[in-house]
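Trainee: I am new to this structure. Please take one part and go through it closely, then show me how other places compare in kind.

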Amino acid sequence: MSSYALYRFPHEDTAHRIEQVKGEPEELAACGEIDGQQGFVMAPFVPSADQPVIIIRPDSMSCFDISHTHTLHTASHARTIDETGERQRYAIDFRNFHSQLSDGCFSKIVMARCSHMTAASDISPEQLFARACQLYPRMFVALVSAPRCGTWLMATPEILLRGGHDEWQTMALAGTMRLHGYALDFDTPNGRTTEADILWSMKNRFEQRYVADYIEECIEQFTPDFTSCGPYTVRAGDLVHLRTDFRFRIGGGTRIGDIINSLHPTPAVCGIPKRQTQEFIIDNESVPRHYYSGFAGPLNIDGQTSLYVSLRCMRIDGRDSYLYAGGGLLADSNEADEWSETQAKMDTMRQLLTH
């Protein structure tokens, strides 16, 4: 089978297809090995022998108009498998994770979960990709398929690293609320609202500050030449987030793989301190993340790189889909609220299956 990726950037009507028609994708043991590579990257939360960083070679590249694809009227139905067991596992994980915060071991930790859904009828991954493009114009939408990682669909609002030559950008995206009580059709340039539009809790503000401080510290390792803007509110589907943008310049001797290694995984998907929370997540989450909360995107295509954190995603296996979502926990986090947040995030993919 060939390996391929379909992707569409935010606010664009054109989708791109990269396909490797011969051989298997390149497999890398670590994110730092990305330098000098070209193609579409699919990286896991933690690279390993079983889940390597994958580079789909661009043997074939094409573009197509996604704005006139009529898929939203195709009826589909899907149901959740073992919802009760899923809720119980989450409660157990929450107590385990939250105890580390209560004991002062971590400042913040992200806890993820997985929901198994099965569809009553066939719907192709390409149809789901087209639906996602139409429903989520503000997000980076990608469909990636390769023998090593399987088939994954994501609609993510978070840039890990984007740019080319010496001009780069990244962001701190943390803090999440549903749009309850707010107009669902609000929009402003770049999807921004003002601080007065939405009242953010202190928990969300602290969470965003943790991530922004971490990103700034990462950038300072490589260059003093950077600017930041934020935090401000952005919409992603029926959710809003707090976002701070960073733009920076780097010298010719800086390795992009080193920057990625420093940024990934950010506290938005891992925690603080980074290595200790990452190890705790690997050892204690009830369901492995695989390629959820890794990153994906075109690498060094026409001199440009656009890597996004793999959020709001699902793994597709025939009629079975495995939806992933997570949330940042602080010492004052409440289990019921955190469960509701993951439900809201899973709705991004769930709507594609049940529309």
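Mentor: Start with strand 12, residues 167-178. Ten of its twelve residues are buried, so the rest of the structure largely encloses this strand. Buried means under 20% relative accessible area, exposed means over 50%, and partly exposed lies in between, with a 1.4 Å probe and protein chains only. Strands (E, at least two residues) and helices (H or I, at least four) are DSSP runs, numbered from the N terminus.

A word on the source. This is a predicted model: local features need pLDDT of at least 70, side-chain atom pairs count only at pLDDT 80 or more, and totals for chains, interfaces and linings use all residues. Residues are numbered from 1 along each chain as its sequence is written, and side-chain values use heavy atoms, leaving out hydrogens and water.

Now the partners of strand 12. Two strands pair if DSSP finds at least two bridges between them. Strand 11, residues 159-164, runs antiparallel to strand 12, and three bridges join them. Across this pairing, W168 in strand 12 stands opposite G163.

Next, the backbone elsewhere. Most residues other than glycine have a negative phi, and most peptide bonds are trans. D302 is not a glycine, yet its phi is positive, about 55°. D302 sits in the loop between strand 17 (295-299) and strand 18 (305-309). At 72% relative accessibility, D302 is exposed. R312 also has a positive phi, near 45°. R312 lies in the loop between strand 18 and strand 19 (313-317). Its relative accessible area is 5%, so R312 is buried.

One runs from G230 to P231, with omega near 5°. P231 belongs to strand 14, residues 226-236. Another joins I272 and P273, with omega about 0°. P273 is in the loop between strand 16 (271-272) and helix 5 (274-284).

Turn to helix 1, residues 83-102. Expected span is 1.5 Å times one less than the number of residues. For the 20 residues of helix 1 that gives 28 Å, and the end C-alpha atoms are 28 Å apart, which agrees. Its buried residues include Y90, F94, F97 and L101. Among the elements covering the buried residues are strand 7, strand 8 (108-119) and helix 6 (335-354). Just after helix 1, G104 takes a positive phi of about 80°.

Strand 7, residues 78-80, holds R79. R79 is exposed, at 54% relative accessible area. Beyond its neighbours within four places in sequence, R79 is in contact (heavy atoms within 4.5 Å) with H116, M117 and T118. R79 and A119 are 40 residues apart along the chain, but their C-alpha atoms are separated by 6.6 Å.

Last, helix 3, residues 202-220, which contains Y210. Y210 is partly exposed, at 31% relative accessibility.
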